[in-house]
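These are my notebook entries on one structure, set down in the order in which I looked things up. I began with the pocket and then went on to the backbone, the core and the aromatic rings.

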Amino acid sequence: MTQEIVCLYARARNGVIGRDGTLPWHLPDDLRRFKRLTMGTPMVMGRRTFDSLPGLLPNRRHIVLTRQAGWRAKGCEVADSVDEALALAGDGVVSVIGGAEIFALLLPRSQRVELTAVHADYAGDTVMPPLGPEWVERVREDHPATATQPAFSFLTYTRERRRHGRVAV
């Protein structure tokens, strides 16, 4: 199986990624980027992330990874393990869209992270730690603050691999 597992999330400067099942900020550019990056891909998510969506997102498969036995939702494929979710996703790009528990399970298997770094602190109940040193920033697009939104950056990271004591990217 040839998969590229990509984690996509927005993270405030203080690590917050969510509050009460929603994003604590509104960044239309981030939502457009999310749509562009996930379009046509299977999206792996937790049940609470699925519940936070406005409904089924068009032209994307919804694979919900949950421990809740018997949980079902129209238009979703349900998995009770990471391996089952990835098998359902099949070959190609697999978009992992949250939440924090799902990222913790799949980040070690991921090859790429598409991060929106929000340059402000927010109150929240869901946090993500910073990426570790194995992640290398490849692309950065900075956006200044406006009257209605904080400054933010679109960042693409890839995992640095070590072979025989040397770095291979």
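**Pocket lining**

By class, I find that the lining of the largest pocket has 20 nonpolar, 14 polar and 13 charged residues, where Ala, Val, Leu, Ile, Met, Phe, Trp, Tyr, Cys and Pro count as nonpolar, Asp, Glu, Lys and Arg as charged, and the others, Gly among them, as polar. I note here that the model is predicted, that local features need pLDDT of at least 70 and side-chain atom pairs pLDDT 80 or more, and that totals for chains, interfaces and linings use all residues. Residues are numbered from 1 along each chain as its sequence is written, and side-chain values use heavy atoms, with hydrogens and water left out.

The volume of the largest pocket is about 1,300 Å³, taken as the space filled by probe spheres set on grid points that are joined across faces, edges and corners. The search ran on a 1 Å grid over the protein atoms alone, and a pocket is an open set of points where a 1.4 Å probe fits, with protein on both sides within 12 Å along at least five of seven lines; lining residues have an atom within 4 Å of a point. Of the 47 lining residues, T49, S52, I97, G98 and G99 are the closest to the pocket centre. Strand 1, strand 2, helix 1, helix 2 (47–52), strand 6, helix 4 and strand 7 each give two or more residues to this lining, and the largest share, six residues, comes from helix 1. Helices (H or I, at least four residues) and strands (E, at least two) are DSSP runs, numbered from the N terminus.

**Backbone**

I next checked the backbone angles. G98 and G99 are joined by a cis peptide bond, with omega about 0 degrees, and G99 sits in the loop between strand 6 and helix 4. D20, although not a glycine, has a positive phi of about 55 degrees; D20 is found in the loop between strand 2 and helix 1 and is exposed, at a relative accessible area of 64%. N59, in the loop between helix 2 and strand 4, also has a positive phi, near 60 degrees, and N59 is exposed at 60%. I set these beside the general rule that most residues other than glycine have a negative phi, and most peptide bonds are trans. Exposed means over 50% relative accessible area, buried under 20% and partly exposed in between (1.4 Å probe, protein chains only).

**Core**

Which residues have the most contacts inside the largest nonpolar core? They are C7, Y9, V44, V96, F103, L106 and V113, in a core of 25 residues; such a core is a set of buried Ala, Val, Leu, Ile, Met, Phe, Trp, Tyr and Cys residues joined through side-chain atoms within 4.5 Å. Among the elements that give two or more residues to this core are strand 1 (3–12), strand 6 (92–98) and helix 4 (100–106), while the largest share, four residues, comes from helix 3.

I then followed two of these residues. Leaving aside neighbours within four places in sequence, V96 is in contact (heavy atoms within 4.5 Å) with I5, V6, C7, L8, V44, I102, F103 and L106. L106, in helix 4, is buried at 0% relative accessibility and touches V44, V82, L86 and V96, again not counting residues up to four places away.

**Aromatic pairs**

A search of the whole structure gave four aromatic pairs, that is, rings of Phe, Tyr and Trp (its six-membered ring) with centres within 6.5 Å; planes under 30 degrees apart count as stacked, over 60 as edge-to-face and the rest as tilted. Because Y9 lies in strand 1 and F103 in helix 4, the pair ties together parts 94 residues apart in sequence. Both Y9 and F103 are buried. W25 and Y122 form an edge-to-face pair, 5.1 Å centre to centre and with 65 degrees between the planes.
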